Structures are given as structure tokens and as C-alpha cells.
Amino acid sequence: VQLQASGGGLVQAGGSLRLSCVASGRALSSYIMGWFRQTPGKEREFVAGISRSSYSTDYAGSVKGRFTISRDNAKNTVYLQMNSLKSEDTAVYYCAASAQATALTRSYDYWGQGTQVTVSS
């Protein structure tokens, strides 16, 4: 599967952005999907995950209540709605897919290219 993320940009603190990730090559419904982020000098960190049917979601504590992950399998797209953005949310955001996992996971097999999110304070 190939993953293409988009929707990043520059936003003021308190603002919102919605990231999208389009999958090609295989149906999105085959995968558990997730979003990660990374800042220079730090390891990539888990942000959110969603099960194949959207029944279950998982969030990092730092974004819970502010970010929402969703998916539209018919459009082969997963989304990350980010509200109440803070300067510490500034990072490159990556979407990821897991074909092997049978439940929500923080370990993924396939990665898209990143999209930069910059939050100005």
C-alpha cells in the first residue's frame, strides 16, 4: 500500500487543521491506520490509531480531547482533525498502516511521507 498525507500548514495557536491520508494499491479497509509525528532530534511518537471498521480509536494522552481520527474506507482516506492546536503540536505528521495487527496497535508496517504542521504562538 502507498500512503499520501496532506493538509499540513501554518496555523496560529488555538486554531485547527485537518490532515488527510489517501491509500492506494490496496483497499484501506484491510488496514488498521494510525498517525504519528516527529520533531527534529526526537523519536517518532504515536498520535492516534483507528480500527478497520472505525469501531475503536486510540489516542496519545497529549492529544486526547483535541484530536480526532476518522476514516472513510469508501474513499480510501483516513483523517486527523486537530483542534485547539498548541505550539508543542508542531511536527512532521505521518500516516501509517498495519496489515498484520488484529487489534489497535502502535506498531505499523507501512508509512507515508510526512506533512509539516507548524503552530505559531
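# A tour of the strands, core and rings

Begin with S3 and S8, which pair in the antiparallel sense over six bridges; strands here are DSSP runs of E with at least two residues, numbered from the N terminus, and two strands pair if DSSP finds at least two bridges between them. Before going further, note that this is a predicted model, in which local features need pLDDT of at least 70 and side-chain atom pairs count only at pLDDT 80 or more, while totals for chains, interfaces and linings use all residues. Residues are numbered from 1 along each chain as its sequence is written, and side-chain values use heavy atoms, with hydrogens and water left out.

Select Leu-19 next, and then its bridge partner in S8, which is Leu-80. Widening the view, S1, S3, S8 and S7 follow one another in that order in an open sheet of four strands with antiparallel pairing. S1 and S7 are the edge strands, each pairing on one side only. Neighbouring strands of this sheet are turned by 15° against each other on average, direction ignored, where the axes are lines fitted to C-alpha atoms and angles between N-to-C directions run from 0 to 180 degrees.

Now turn to the largest nonpolar core, which has 35 residues, and select Trp-35, Leu-80, Met-82 and Tyr-93, the members that touch the most others. Such a core is a set of buried Ala, Val, Leu, Ile, Met, Phe, Trp, Tyr and Cys residues joined through side-chain atoms within 4.5 Å; buried means under 20% relative accessible area, exposed over 50% and partly exposed in between, with a 1.4 Å probe and protein chains only. The elements giving two or more residues to this core include strand S4 (32-38), strand S8 (77-82) and strand S9 (91-98), and S9 gives the most, with five residues. Around Met-82, not counting residues up to four places away in sequence, the contacts (heavy atoms within 4.5 Å) include Leu-17, Leu-19, Phe-67, Tyr-93 and Val-117.

In strand S4, select Ile-32, which is buried with a relative accessible area of 1%. Its C-alpha atom is separated by 5.7 Å from that of Ala-97, 65 residues apart along the chain.

The next stop is the aromatic rings, of which the structure holds four pairs; rings of Phe, Tyr and Trp (its six-membered ring) pair if their centres lie within 6.5 Å, with planes under 30 degrees apart counted as stacked, over 60 as edge-to-face and the rest as tilted. Tyr-31 and Tyr-110 form an edge-to-face pair, 5.9 Å centre to centre with 85° between the planes. This pair links distant parts of the chain, with Tyr-31 in the loop between S3 and S4 and Tyr-110 in strand S10, 79 residues apart. Tyr-31 counts as buried at 2% relative accessibility, whereas Tyr-110, at 34%, counts as partly exposed. The ring centres of Phe-36 and Phe-46 are 5.5 Å apart and their planes stand at 80°, so this pair is edge-to-face as well. Both of these Phe residues are buried, and together with Tyr-108 and Trp-111 they form one aromatic cluster.

From Trp-111, move to Arg-44, which lies over the face of that ring at 4.5 Å from the ring centre. The charged end of Arg-44 also sits over the ring of Tyr-94, 4.0 Å from its centre; the criterion is NZ of Lys or CZ of Arg within 6 Å of the ring centre and within 35 degrees of the ring normal.

Finish at Ser-54, in the loop between S5 and strand S6 (57-59), where phi is positive at about 75° although the residue is not a glycine.
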